[in-house]
Amino acid sequence: MRKRKKRKSIEDCILDVIIYSILIFLAVATFYPMWYVLVASFSSGSYIASQELLIWPGEFNVEAYRLTFQHPLLMRSFGNSLMVLAIGLPINIVLTVLAGYFMASTTKVYWKKPIIYMILFTMFFNGGLVPNYLNVRDLGIYNTIWALVLPGALSVYNANICKTAMEAIPYSLHESAYLDGASDLKVLFKIVLPLMKPTMAVLLLYYGVAHWNAWFNASIYIRDKWKLPAQNILRAVLLENSSLAESVGDNYNAYADAMQYAAIIIITVPIVCVYPFLQKHFAKGVMIGAVKG
Amino acid sequence: MLSYKTIVKDFKKNKLIYLMILPVVVYLILFCYKPMYGIIIAFQRFRPGLGIEGSPWIGLDNFVRFFKDINFWRVVRNTFTISFLNILFTFPAPILLALLLNEVQCSWFKRTVQTITYLPHFIAMVVVCGLIHQFCQSDGLINDIVAFFGGERANLLIQTKMFYPIYIISGIWKEIGWSSIIYLATLAGIDQEQYEAAKIDGASRLQQMRYITFPGLMPTISMLLILKMGQVLNIGMEKILLLYTELTYDVADVISTYVYRKGLLDADYSYSTAIGLFNSIVNIVFLVSANKISKKLGQSGLF
């Protein structure tokens, strides 16, 4: 935004060179691992092993993707992950919007403060690992999809983002609606929510990415491997050395490496796809979240 | 004031608002407050068959056991070490990135760097750790580079001395861009006239960075630093669980991972809950003190 100087001094030029080189190095260092995975997923196993630095796919093929898409457990796990999104996101959004609306509302309600404290307290203190685990078993949702959806369904941090966005809406709008006899539910749906679509997009992104990338809860709450979400299968493949290739067929060991990378790409592509659409909202969402709750 | 009548009247008048917050309250009770009640097994010798009501009470025995545990110092030391390294390296990295990006006038270049560095924030921890795993193997990418410069190949993840560098560098890789957003937003709010005035006075760009940009960032930096200080004992376990092996427990095992192993792998429920409770209480003490300090220094506190 600063105006470009007409003539640059030598000192400025040197500074520019240093700054640009650091940033280029950083960008390349950040980008290369992702690029490596993409390239490796399209290369043959022998090519990956033979290369010092993968820059471009060698012996280009999509065999790894074909095989990965045939892998029954992995495909099932993708279905499970989508299921978690389909059930989880609506619950997340409803709870977040309701909590946000309650905290932002200016109506005088007797139990308002206690309820707000009740919501905020969970930010600073929680039962901890074992009590939460026993609670899930107690409630009878162990080894079901509900164990992945319900614990942590309301993020107070996100509710605060929601609340801040709601507070930014001029109160006169609510007031005139109340005067027309509108109820809070109507105000919420007809006035508040339509005015905060960008915030809703940010919330969907946060919750969606959190669900999609989650693995820990499934690792403790889900025992049946056919119910596991994709990240957990990926974890077994990448970190516990269970080979994807073996379960597809005996002759595919040559593709074991490439299949790992293909699985990573398949699992990460949905996120990379929504990323550009939401990027413009990032700064806003982050700023709101940073302001004290 | 607190009469039965006012309460009933209030409920009647604000029926809909209470109805709207009801799902949230029910949810919080079932999934946050009920587990909090479950913390009392920290003072029991809990057996699932007997339940909370039937299990014998043993007072503070579990806590005493933790302080005498041979792993006590190891997990406390590692937790502090990792936090300290995070504050030393992971924390300043996005500040530097924001300062550098702020000096870039070419907007497409700036946007490209931002887009690339924000992206890893959204990549799953499992994927990041899987890649670390791949790259650190003796025939992996990092060893290829080491070998290229004439070094020895070795599996890096099983070496205790390599754990912290791997943890910290991958942490910076993942979050540097995302964490810089807040600093960039702060920088966008700095009054441009200050720069004009500085230029007229003949300040070089370095001097402008030093005397205008950096002081402009200071309130944000100190707020976030205090926040970080409040979470010194709060190390996320996911990444460590995915990266450590028995060979690196000596440097990598932290309180939260110990709670996990004791509680869910050894099914030592009461003991694990006691360690977790100890950790939570220390966390709160840190957070409240950090908040106090923040207010003393004239910064706005968290609460």
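1. A residue counts as buried if 20 or more other C-beta atoms lie within 10 Å of its own, as exposed if 12 or fewer do, and as partly exposed in between, with C-beta atoms placed from the backbone. B:Ile87 has 14 other C-beta atoms within 10 Å and is therefore partly exposed. B:Ile87 belongs to helix H5 (residues 72-90) of chain B. Helices (H or I, at least four residues) and strands (E, at least two) are DSSP runs, numbered from the N terminus. B:Ile87 and B:Lys228 are 141 residues apart along the chain, and their C-alpha atoms are separated by 7.4 Å.

2. A word on the basis of this note. The model is predicted: local features need pLDDT of at least 70, side-chain atom pairs count only at pLDDT 80 or more, and totals for chains, interfaces and linings use all residues. Residues are numbered from 1 along each chain as its sequence is written, while chains are lettered from A and ligands numbered from 1 in the order in which they are written.

3. Chain A in outline. Chain A has 15 helices and zero strands. Of its 293 residues, 36% are buried. Two residues are in contact if their C-beta atoms, placed from the backbone, lie within 7 Å. Among the contacts in chain A with a separation of 6 or more, 72% join residues 24 or more positions apart.

4. The contact between the chains. It takes 74 residues from chain A and 71 residues from chain B. On the side of chain A that touches chain B, helix H1 (residues 10-41) of chain A gives the most, with 13 residues. The residues of that side divide into 52 nonpolar, 14 polar and eight charged. Here Ala, Val, Leu, Ile, Met, Phe, Trp, Tyr, Cys and Pro count as nonpolar, Asp, Glu, Lys and Arg as charged, and the others, Gly among them, as polar.

5. A helix pair across the two chains. Two packed helices are described by the angle between their axes and the distance between the axes. Helix H6 (residues 129-138) of chain A packs against helix H2 (residues 15-38) of chain B at an angle of about 115°, with the axes 8 Å apart. H6(A) is therefore roughly perpendicular to H2(B). Axes are lines fitted to C-alpha atoms, for helices over the stretch in contact, and angles run from 0 to 180 degrees between N-to-C directions. Angles under 35 degrees count as roughly parallel, over 145 as roughly antiparallel, 65 to 115 as roughly perpendicular and the rest as oblique. The contact is made by A:Pro131, A:Asn132, A:Leu134 and A:Asn135 of H6(A), and by B:Lys34, B:Pro35 and B:Gly38 of H2(B). These residues divide into three nonpolar, three polar and one charged.

6. A helix pair within chain B. Helix H15 (residues 255-265) and helix H16 (residues 269-296) of chain B pack at an angle of about 165°, and their axes are 8 Å apart. H15(B) is therefore roughly antiparallel to H16(B). H15(B) contributes B:Ile255, B:Tyr258, B:Val259, B:Lys262 and B:Gly263 to the contact, and H16(B) contributes B:Tyr269, B:Tyr271, B:Ser272, B:Ile275, B:Gly276 and B:Asn279. By class, the contact has six nonpolar, four polar and one charged residue. In the loop between H15 and H16 of chain B is B:Ala267. Its phi is near 55°, a positive value in a residue other than glycine. B:Ala267 counts as exposed because it has 10 C-beta neighbours inside 10 Å.

7. A bent helix. Helix H12 (residues 205-229) of chain B bends by about 40° at B:Met218, and a proline, B:Pro219, follows within four residues. The bend at a residue is the angle between axes fitted to the seven residues ending there and the seven starting there. The buried residues of H12(B) are B:Arg205, B:Leu217 and B:Ile226. They pack against H1 of chain A, together with helix H6 (92-102), helix H10 (160-188) and H16 of chain B.

8. Two residues of chain A. A:Tyr47 is found in helix H2 (residues 45-50) of chain A. A:Tyr47 is partly exposed because 19 other C-beta atoms lie within 10 Å. Leaving aside neighbours within four places in sequence, A:Tyr47 is in contact with A:Gly58 and A:Glu59. A:Asn143 is found in the loop between H6 and helix H7 (146-149) of chain A. A:Asn143 has a positive phi of about 65° although it is not a glycine. With 14 other C-beta atoms within 10 Å, A:Asn143 is partly exposed.
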